[in-house]
Amino acid sequence: MGTNTAAVAGKKTFGQWLKSRKGQQTVIIIAFIIIPLLLLFTFTYLPFAEMVKFSFYKMKYVGARKFVGLDNYRALFARKDIVSSLKLCLYYMVGALIQIALALYLATILSMKVKASGLFKGLIFFPYLINGIAIGFIFKFFYTRGFVFDTVLQWCGFQLDSLPYWLKDQSINNWSLVGSSVWRYCGQQMVLFIGAIMSVDDTLYEAADLDGANKFQQFKYIILPSIKTIVTLNIILSITGSLSAFEAPFVITDGANGTGTFFVVMNTIAHTNQKVGLASAMAVFLLCIIFICTILQKLFFKFAFRNMHADDESRSAKKKRVKAAAAQPAAAVKGGR
Amino acid sequence: MAAQANAVKVKKHYSAKFIIWTVCKYLSLIFVSFCAVIPLVSCVITAFKTDAEYKSTNVMTMPQSWFNLGNFLKAFQKADMGLAFMNSAIILAVVLIGSIIIGTQLAYVLDRFKFPGNGLIRNLFTFAALLPAIAMQVAVYEIMVNLNFVNTLYGYIIMMMGTDVISIYIFIQYFENLPVSLDESAIIDGASYFTIYSKILLPLLKPAIVTAIILKGANTYNEYYCAQLYLQDKARLRTVATSLYTFTGPLGNQYNMICAGVIISLLPALILFVVCQKQIYSGIAAGAVKG
């Protein structure tokens, strides 16, 4: 746009250049980009660089700093609390997989013909919009001995004496927290999957209905292929997500009784104990894992995409065929759906 | 005759299966909805109970009166939620206006102009989205200290504006669908680039802006981690989310008051949700596509 004028005019004074299209373009680019870049630099890349640097120091936020080389990284694997906190991510990974399966099931049902689907969708989704601190109180209350959860279980015939302390008993408390996290995010993931399912061509379902395909077959052959990408992406994201699990233990138990995940421990070390160097090393370590996962994910999709392409072609061909076959009764079917 | 009977039989068989499937479908939906709702319902029930009632009855027994608003008043005063709502409103207004202006401008430039560094800037933002916020705060804290931003409302606001990638994605996606011919005809008419952005494209961007406001608004209103880290002077700088911290410690077992406070804090989110369901759903789907 407008490069011609600048080129034709050749040499110009700065004022003339400013008035030209090219000059105006440069001005607007710089004007519009400088603030976001400045913010991005100040609150993302500068701290990122600082963090890498901090990880080689023994330091607090204020006061003297001492270079210690790789000591912080060694401490990372020597400290029991840190190592055991890493193991907790397995709970959250299992929780994330259950959540994906549940969200997928709900999304499939709700994108079919269901009465009051808007209400169900709304009820299941709303927890996502509650602030973290409120979630903390709600679940402290929910899991307190003899309170909500215990009462509901007693309705189902359980004896109070046989029930564990949900947030204190170390054999169960991490599952309690995972449960609250599933409660909070399942609806959001469901909405995401519904969005993906809705993007499938309606005629495919009609054709399948005509062919007498049952709901399970419809799910397997129509819905699943079309949302394969987003489901895979979510499964991969759940790995990094469970490594960085933070909210549930932070707001509900504050990491007590063996519920401190990696980030909860890191948060305490950084802001309570003020061992900034060690906390930075932890952050850098986790970032490295996340990068590796992301790179693997990119590679995976590159590989999967190659196969998908062939898949896509055959699918669109199939779609055409199905459409042609269904062309005649389509009008009648549309009214029925 | 025989064929007809057969057909009826087949149809009946199908519908029996259909009925079972339908029952299962609704049962599972009702069960999941029950699980989703029960923690909140129990909160509502408890919030309406007097102290004596709370101590003597089971948490799931209904309160004597649904008009007992005493807990709500007490919670509102104890947690100084008037101030909290005020601060949250200021934060919301400035952060939303700021990040909408910044975000649309950035998206406009990135989508409409080819210049060296365009791809790099996009990648820088994508990469930033990968970094988990909690981990970053270990080092951001030091920067906030150096900038004297700790315990100031403006410092927190500026930081909140600086960390927003999803709405930029939504804006770029939307710009891609606005035809470039709009810009070109305006250029022929002699409009400046700023006029094109502000007078022509911005009004057309309204749906995307509404989506971004809702999502970013909900996130900002609910944000508590950075708020408790950088707005430590809670007497002055409490937000709605952090005002709930009042109820930890000695007040930690007066759940009838706590539940009332929790419900007050999530009312704005509930209203937003009831009014703007559609935008919230589509915004989540749109933001997630880029993952």
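Q: How do I read the classes of residue in the lining of the largest cavity?
A: Each residue is put in a class (Ala, Val, Leu, Ile, Met, Phe, Trp, Tyr, Cys and Pro are nonpolar; Asp, Glu, Lys and Arg charged; the others, including Gly, polar). Here the lining has seven nonpolar, four polar and one charged residues. This is a predicted model, where local features need pLDDT of at least 70 and side-chain atom pairs pLDDT 80 or more, while totals for chains, interfaces and linings use all residues. Residues are numbered from 1 along each chain, chains are lettered from A and ligands numbered from 1 as written, and side-chain values use heavy atoms, without hydrogens and water.

Q: What volume does the largest cavity have, and which residues line it?
A: A cavity is a set of points on a 1 Å grid where a 1.4 Å probe fits but cannot get out, and lining residues have an atom within 4 Å of a point. The largest one has a volume (space filled by probe spheres on the points) of about 110 Å³. Both chains line it, with A:Pro36, A:Leu39, B:Phe125 and B:Asp164 among the residues.

Q: How many cavities of 30 Å³ or more are there?
A: Two. Helix 4 of chain B (a DSSP run of H or I, at least four residues) gives three residues, the largest share.

Q: Which residues form the salt bridge between the chains?
A: The rule (Lys or Arg side-chain nitrogen within 4 Å of an Asp or Glu carboxyl oxygen) finds one across the interface. A:Arg65 pairs with B:Glu142, their closest N and O atoms 3.0 Å apart.

Key: On a 1 Å grid over the protein atoms alone, a cavity is a set of points where a 1.4 Å probe fits but cannot get out, and a pocket is an open set with protein on both sides within 12 Å along at least five of seven lines; lining residues have an atom within 4 Å of a point. Helices (H or I, at least four residues) and strands (E, at least two) are DSSP runs, numbered from the N terminus.
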